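Please read these points with the structure open beside you, and check each one as you go. They are written for someone who is new to reading models of this kind.

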Amino acid sequence: MTGWRFYALLAAGLALFPLIFHLPPINGYAGLATEILIVGIAAIGFNLLLGYAGQLSYGHAAFYGLGSYGSGLAVLTFFPHAQSFALALFTGIAIAGIAAAIIGSLVVRLYGIYFALLTVAFAQMVYFIVFQARDLTNGDDGLQGISAPPLNVGFAHVDLGSSLPAFGLGPCGDLSDIKLWYVFAAIVAFLVVAFVRTLVRSEFGEALAAIRENEERSIFIGLDPRRYKLAVFVISGLLCGLSGALHALYQGSAAIEGLSVEQSGAFAIFTIVGGVGTLIGPLVGTGLIMWLENIVGGVFPAWRLVEGLVFVAVVVFLPSGIVGSLLRRRGGRLWLRRLVTAK
Amino acid sequence: MSATILQTRGLGKSFGHFAANADIDFAVEAGEVRAVIGPNGAGKTTFFNLLAGVTPASAGTIAFDGGDVTRASGQHRVRLGIAKAFQTANIYPDATVLQNCRLAALARITGAFNLQMLRGSARIGGVDAMAQEALGRVDLGGVAHVRAGDLSHGDKKRLDIAIALATQPKVLLLDEPVAGMSKDEARKTEALVRKLAATMTVLIIEHDMEMIMGISDSITVLHQGRVLATGTPAEIRSDQRVQDAYLGGHTAGHV
């Protein structure tokens, strides 16, 4: 798919998503659409590592959670008078990035199951450090009452909590059901997808794909795999930090669950369901699972059972994930061609 | 008079108490074609692995092109100019034949680590030319757009050599380039190695004695991890110790 077509479709999809999401049979709500995009950014970050570098991390909640706590604490504790949205976001991303650099430098020499286990171990350490630092983090209670500062867009300060203008959309409800938060999240998600697409097609992305495909040969064409793996680990952690920071500002809270093993597993499930190594698969998987959780979780207490069944069904019947299977049907096995066609 | 490009002194590699290589003093002149031969288990592949940096040496030194590379990593040695084709073809099976060589050419141009995340390699002039040139030298230009994993065994091994060539090496290490090939493929590869040998320093491990005697300037014989003899093909052919090593001596009764 050419660049313009891909980006036009992506923009159209992001614009239409909250509208069709309102249709009665889908029964979503605008706030959920926003949350899906925000959490989906973390899944995109996770997928950058799994799908494009071939490394399964089971500890990415650490970066997501640190992003949440970082931006929350920036608003509540670190810079209470700054009232700067950008500063809060940056604080969360920076803390996640520093953690990713430290943890990444310790795990990049490992492979497969050992890599996954060590990432879990470090993520659990982060969980307990945050949990124990009660004076700062409120332990079990997490951070509450984070009021997102207005966003400085140059010529004005925008409150992302305000609604779009009233405009009837028939069965899709009213445009004013959608808050500016959705618009902002959609712009960020668009930019993140564009960044990842650019990255995987860049010289860096080519080297990354080479290392994933055959690390030994890559060493003996003169590449340094560990530096590439560390770089992509940090970028992946930064994206999870961005996601967590946005989530805390959006929800007005940061929960300890955001650092949990379950959260790490959720990123893996979202990505695998949507399509590992595809550009928008993680967003699609995040949307499907979070939407199912929303409609099923309300009426059926054993939601996890349903989630597990969906996961198993996808792995068995659509092993490349939803997006991956759709693309595969149209042919194309070569990994470089996959990149070029913007899978 | 050409200069020594690659030299080892007292080079050794031990795995526990087993010395796979010991006390290897070895020197190759620039432009030379040197064969390394010896019975199975003589330590030939271990020796190549030490030269290429696949495994670190336990003892001794390796000098390349005027510098000490004993502690240099494999990727660093490639950038200095030591390239290796593997005994079992080591390629990127899911990429096309051309992409395989492009990756090597790109690594030569952009180095061990390149943070260019915003632009693809297409804009770098020369990558395609370097890749095509390497493919041409192993006669794979016609299958440039075929998936590498779909090539025949012989073509995969030639592609492995082309990847090594695309890194623009000064010294090329070939570990059994014709092993496992049919007679036709082996003759084709032999002709190719002859052509390469005319233009660069080549070190070659091979069991095909006819080929070795035909293309080598000189031969080093390894036996039980040590250098048994070094000389011209004619000297090696008539060396009593070499004949003993292959046909009798320590391994009497096994042949």
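1. Which residue in E2(B) is the bridge partner of B:Ser14? The partner is B:Ala19. Helices (H or I, at least four residues) and strands (E, at least two) are DSSP runs, numbered from the N terminus, and two strands pair if DSSP finds at least two bridges between them.

2. A word on the source: this is a predicted model, in which local features need pLDDT of at least 70 and side-chain atom pairs count only at pLDDT 80 or more, while totals for chains, interfaces and linings use all residues. Residues are numbered from 1 along each chain as its sequence is written, and chains are lettered from A and ligands numbered from 1 in the order in which they are written.

3. Strand E1 (residues 4-15) of chain B runs antiparallel to strand E2 (residues 18-29) of chain B, and eight bridges join them. The two strands form a hairpin with two residues between them, and in that turn B:Gly16 has a positive phi of about 65°.

4. Chain B also holds an open sheet of six strands, in the order E6-E7-E8-E3-E9-E10, with mixed pairing. Strand E6 (82-85) and strand E10 (226-231) each have a single partner strand, so one side of each is left without a neighbour in the sheet. From one strand to the next the twist averages 20°, where angles run from 0 to 180 degrees between N-to-C directions and axes are lines fitted to C-alpha atoms, for helices over the stretch in contact.

5. Strand E9 (residues 218-223) of chain B is antiparallel to E10(B) and joined to it by five bridges; B:Leu222 has B:Val227 as its bridge partner in E10(B). Helix H5 (residues 153-166) of chain B packs on the sheet, where it touches E6 and E7 of chain B, and its direction makes about 170° with that of E6(B). Contact here requires C-beta atoms, placed from the backbone, within 7 Å.

6. B:Val193 lies in helix H6 (residues 183-197) of chain B. This residue counts as buried because it has 25 C-beta neighbours inside 10 Å (buried is 20 or more other C-beta atoms within 10 Å, exposed is 12 or fewer, and partly exposed is in between, with C-beta atoms placed from the backbone). Leaving aside residues up to four places away in sequence, B:Val193 touches B:Leu174, B:Pro177, B:Ile204 and B:Ile215.

7. In chain A, 25 of the 27 residues of H10(A) are buried, so this helix is largely enclosed by the rest of the structure. A:Gly252, which follows H10(A), has a positive phi, near 75°.

Conventions
Two residues are in contact if their C-beta atoms, placed from the backbone, lie within 7 Å.
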